[in-house]
Amino acid sequence: MANQIPVWVPSPEQIQATNIAAGMRELKLNSYEELHAWTAKHRADYWDWVIRRLGIRFRQPYRQIVDLAEGMEFPKWLPDARLNISESCFQASETAIAIVAQSEAGSLYRLTFGELRALTNRVANGLVAMGFQPGEAIAIAMPMTPESVAIYLGIVAAGCVVVSIADSFAANEIATRLRLSQAKAIFTQDYTRHAGKQFPLYAKVVDAGAPPAIVRSLSSAVSIELRPGDGTWEQFLSPHQEFDPIPATPAAPTNILFSSGTTGTPKAIPWTQTTPIKCAADGHLHQDIHPGDVVAWYTNLGWMMGPWLIYASLINRATIALYTGAPTERGYGQFIQSAGVTMLGVVPSLVCAWKTTSCMEGLDWSKIRAFSSTGECSTPQDMHYLMSLAGCKPVIEYCGGTEIGGAYLTGTLIQPCIPATFTTPALGLEIAICDEVGHPTNKGEAFIIPPAIGLSTELLNQNHHQVYFADTPSLPPLPAAPLRRHGDQIERLANGYYRSHGRVDDTMNLGGIKVSSAEIEQTLNTVDGVCETAAIAVSPPDGGPSQLVIYVVVAPEEPKNRSGTVNRAITNGNQTTAQSPVQDSSSGHH
């Protein structure tokens, strides 16, 4: 067992400066334990308090926080309310900085909240001018840039539904997500750049048989021929900078994201108007994001941490820091320094790469108050190293998923930090740990006790009850709610902290991306010369990120091509399913 001695202990002054401490004073609670117990027992009161504290904007107020007439599986949050969550992203001063950005070969530039709102409104007006109706799905397959953030918020403001697609996906994966979401259009880019190289993106979108595309050019020096019916970003963008966001019911979808399951087909998970409240609440309380903070998390809109970053930062009136180069190179560290990042999100694989190459050493990361780590299991050694890069700053481990809208297990800045461990279930949630026969244990499968804002209530392409609630254990005394399956193996340590031991099903986290072995095997089995494959994730004995191992049975009629065939299969599988953290840093799962 790794060392369980705290390596960072908050001072009284540090504790009192946190959002959690301010909340405890407001609620007249004396300890974090009292606070968590109150949020888990009085969930409606907790979410009412969170909504008021975050200043969530409503066009029509809610008559109650939650209606449980249909049971804990199907809570109705904020009945009778009308809102458009994009409005809550623009509560900061118009002159405050909303985004600080830099490309690999470019210089630092900033967008104010006023400028981001104007660009968002130009996108929304452009969608209305094209005839799109509220509720229609519009895809985004782009890197995380200021333009893609404005596109995301513009789609939401127009009452449409974002379809999140990672720009690193192959054409067949893009096609699957477009089909599942029934997207009516797609925003994309001609090319992307990584590590000084240029990769076609629009061509992949075309190969996917995408609906009409709106294409942004990476450089004016390069021009590509568009399909009939496709248009340029400049042609699409409306000149009108004012737009009245379209209000909707709290349950109206705003975003369709995808999370791998055990069948090989990604689960299509709708986020509603209320899911961003969970993102912002976690950012406010667990990552301790304050107005004026600068938040960096190398990610993509195709994974939940992309939308999470938008909402957790902007609703809390903080700045999003976006870098479009390779996060494994020193240039990313220099951007973190120049942008004045105060909260830096990572995946453990990325930290391991930094440690191996020493590429981030000697930089001034003194403005960082905290790190946060998600996506896969971490090692104490790597997290110790990460802390040392900023003068021993704490790491908030963050374990959750797309279908949660954030975390169910995490940490705080008012509790001592022991690297690679979690200190608490997320505020507003409680968990149960059960063994193979459903009995309480200190090491086993973790189940979530609903309800909570952020927890999904439907899947577009699977039976939600069967995936999350069927055959889950009942604990004596019976809980007030059914247990909700999530699939992580969790250990409760003797000191009350928690450690993650990966997945209990065939799903694995590779470079922060949750993927099933079936997805990898189905891709590899299509390669000429491959007869059968088996994909497994191997975890190091001391914990940490899983490594992908593939066993291949080569077709006997092609013995001369065995080595080359296997190599091609592994390369193809990595490109389509198990991206490295250079391209995608976080899915939001441990």
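Student: What does the secondary structure of the protein come to?

Tutor: Keep in mind that this is a predicted model. The secondary structure comes to 17 helices and 29 strands. Of the 590 residues, 62% count as buried. Among contacts with a separation of 6 or more, 69% are between residues 24 or more positions apart.

Student: How do I read a sheet, and what is the order of the open sheet of 7 strands?

Tutor: In general, strands of a sheet pair through backbone hydrogen bonds, in either a parallel or an antiparallel way. Here the order is S11-S10-S7-S5-S6-S12-S13, and the pairing is mixed. Strand S11 (231–232) and strand S13 (267–272) stand at the edges; each has a single partner strand, so one side of each is left without a neighbour in the sheet.

Student: Do strands S5 and S6 run parallel or antiparallel?

Tutor: Strand S5 (residues 137–141) and strand S6 (residues 161–164) run parallel and are joined by 4 bridges.

Student: Which strands are joined to strand S20 by bridges?

Tutor: On one hand there is strand S19 (residues 399–401), which is antiparallel to S20 and joined to it by 3 bridges. Glycine 400 has alanine 407 in S20 as its bridge partner. S19 and S20 form a hairpin with 4 residues between them, and glycine 405 in the turn has a positive phi of about 75°. On the other hand, 2 bridges join S20 to strand S21 (residues 424–425), again antiparallel. There, threonine 410 stands opposite threonine 424.

Student: How many residues of strand S20 are buried?

Tutor: Strand S20 (residues 406–410) is mostly covered, with 5 of its 5 residues buried.

Student: Now the helices. Which residues of helix H2 are buried?

Tutor: An α-helix has 3.6 residues a turn, so residues three or four places apart point the same way. In helix H2 (residues 19–27), the buried residues are Asn19, Ile20, Ala21, Ala22, Gly23 and Met24. They pack against helix H1 (12–16), helix H3 (32–41), helix H4 (43–54) and H10. Just after H2, lysine 28 takes a positive phi of about 60°.

Student: At what angle do helices H10 and H11 pack?

Tutor: Helix H10 (residues 275–285) and helix H11 (residues 305–314) pack at about 65°, and their axes are 8 Å apart. The crossing is right-handed. From H10, Pro276, Cys279, Ala280, Asp282 and Gly283 meet Trp308, Tyr311 and Ala312 in H11. The residues of this contact divide into 6 nonpolar, 1 polar and 1 charged.

Student: Last, a single residue. Is aspartate 230 buried or exposed?

Tutor: Aspartate 230 counts as buried because its relative accessibility is 13%, and the cut-off for buried is under 20%. This residue is found in the loop between strand S10 (213–216) and S11.

Student: What does aspartate 230 touch, leaving out residues up to four places away in sequence?

Tutor: Aspartate 230 touches Tyr202, Pro211, Pro212 and Ala213. Alanine 213 is 17 residues away along the chain, yet the two C-alpha atoms are separated by 4.9 Å. A polar atom of the aspartate 230 side chain lies 2.8 Å from the backbone nitrogen of alanine 213. The side chains of aspartate 230 and arginine 227 are joined by a polar contact of 2.7 Å.

Key: Residues numbered from 1 in each chain as written. Predicted model: local features only at pLDDT ≥ 70, side-chain atom pairs only at ≥ 80, totals over all residues. Heavy atoms only, no water. Pairing = 2+ DSSP bridges. Buried < 20%, exposed > 50% of the residue type's maximum accessible area, 1.4 Å probe, protein only. Axes fitted to C-alpha atoms, helices over the stretch in contact; angles between N-to-C directions. Left-handed = near helix turned anticlockwise from the far one by under 90°. Contact = heavy atoms within 4.5 Å. Nonpolar A, V, L, I, M, F, W, Y, C, P; charged D, E, K, R; others polar. Polar contact = N/O pair within 3.5 Å; in protein donor to acceptor, adjacent residues only side chain to side chain.
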